[in-house]
Amino acid sequence: MLVRIARAEVARRGPRLRIAGPELDDLAYQAAADALVAITGKIGQFRGESRFTTWACKFVIFEVSAKIGRHFWRHPAVRLDAEDWERLPGRFGADPAHQAEWGDLFAALRRAVDSELTPRQRKIFVAIVLNDIPLDTVVMHLGSSRNAIYQVMFEARRKLRAALVADGYLGHDIAGCS
Amino acid sequence: MNGWSALDRFLRTDPRDVGCDQAMEMLHVYAELVAAGEPAEERYPGIAAHLQACGPCGEDFAGLLAAVRGEAH
């Protein structure tokens, strides 16, 4: 079952990855094998809140995720610190035909990145947003955890939005989100 | 969606967001609720908020949900 789930998951993610053929199949088998080790090690933690198979499948999915992150980590084209700010509007689907409209917004965002973020927040923001590096790959690069990198980005997003709201580029929120 | 609204949506943070560790800890329970058509978002709003904001965890959830639905058929 673990191999079947792993193969289905790499097939589901495959079209969006630059991995194909036997490499994708290898990845699935490795993920299933490592998931079996994880399941065996954590079996005492299963509390019966779901079916056992669902709980076990979760580890297969996690292993596929981790292996894909590691794959891109080894990719020589991955650079965390390259800074090409011209790419920023494109990351958010901004239409070049309306540059006059959003030019000021992205200039303000760049100023906020420089003035509001800590060096670590800035480094991670540049890697994920500007350089489009998957979060899990940044985790591998920095020897960190997904939760730690997510929390850095969470705080960076909060600070940047607050700066853009203060400068009148984005609107205030009515609900609890900020 | 234009650049303005996409950026606005990306920068929004939800204080209910539980983070990756807590969301992944309960992902199997959450996925089964969703697969069964139960109101998972109401029972676990912090997990729902996280899965909407975190690409990698959202992707893991989509994979697990597909597996749960596949196993059920």
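**Close-up views of the predicted model**

**Figure 1. Helices of chain A at the two ends of the confidence range.** In this predicted model, helix H8 (residues 146-166) of chain A has the highest mean pLDDT among the elements of chain A, at 97. The lowest mean among these elements, 85, belongs to helix H4 (residues 88-91) of chain A. For chain A, the average pLDDT is 88, and 93% of the residues score at least 70.

**Figure 2. The two domains of chain A and the contact between them.** Chain A is divided into domain 1, spanning 2-74, and domain 2, spanning 85-166. Taken over C-alpha atoms, the centres of domain 1 of chain A and domain 2 of chain A are separated by 29 Å. Six residues from domain 1 of chain A and six residues from domain 2 of chain A take part in the contact. On the side of domain 1 of chain A that touches domain 2 of chain A, three residues are nonpolar, two are polar and one is charged.

**Figure 3. The surroundings of Ala48(B).** Ala48(B) is part of helix H5 (residues 45-53) of chain B. Ala48(B) counts as buried because 22 C-beta neighbours lie inside 10 Å, where the cut-off is 20 or more. Leaving aside residues up to four places away in sequence, Ala48(B) touches Ala40(B) and Glu41(B).

**Figure 4. Ala48(B) and Arg16(B).** In sequence, Ala48(B) and Arg16(B) are 32 residues apart. In space, 9.0 Å separate Ala48(B) and Arg16(B), C-alpha to C-alpha. Of this pair, Ala48(B) lies in helix H5 of chain B.

Notes. Residues numbered from 1 in each chain as written. Chains lettered and ligands numbered in written order. Predicted model: local features only at pLDDT ≥ 70, side-chain atom pairs only at ≥ 80, totals over all residues. pLDDT = per-residue confidence, 0-100. Helix = DSSP H or I, 4+ residues; strand = E, 2+ residues; numbered from the N terminus. Buried ≥ 20, exposed ≤ 12 C-beta atoms within 10 Å, placed from the backbone. Contact = placed C-beta atoms within 7 Å. Domains from an automatic or database assignment. Nonpolar A, V, L, I, M, F, W, Y, C, P; charged D, E, K, R; others polar.
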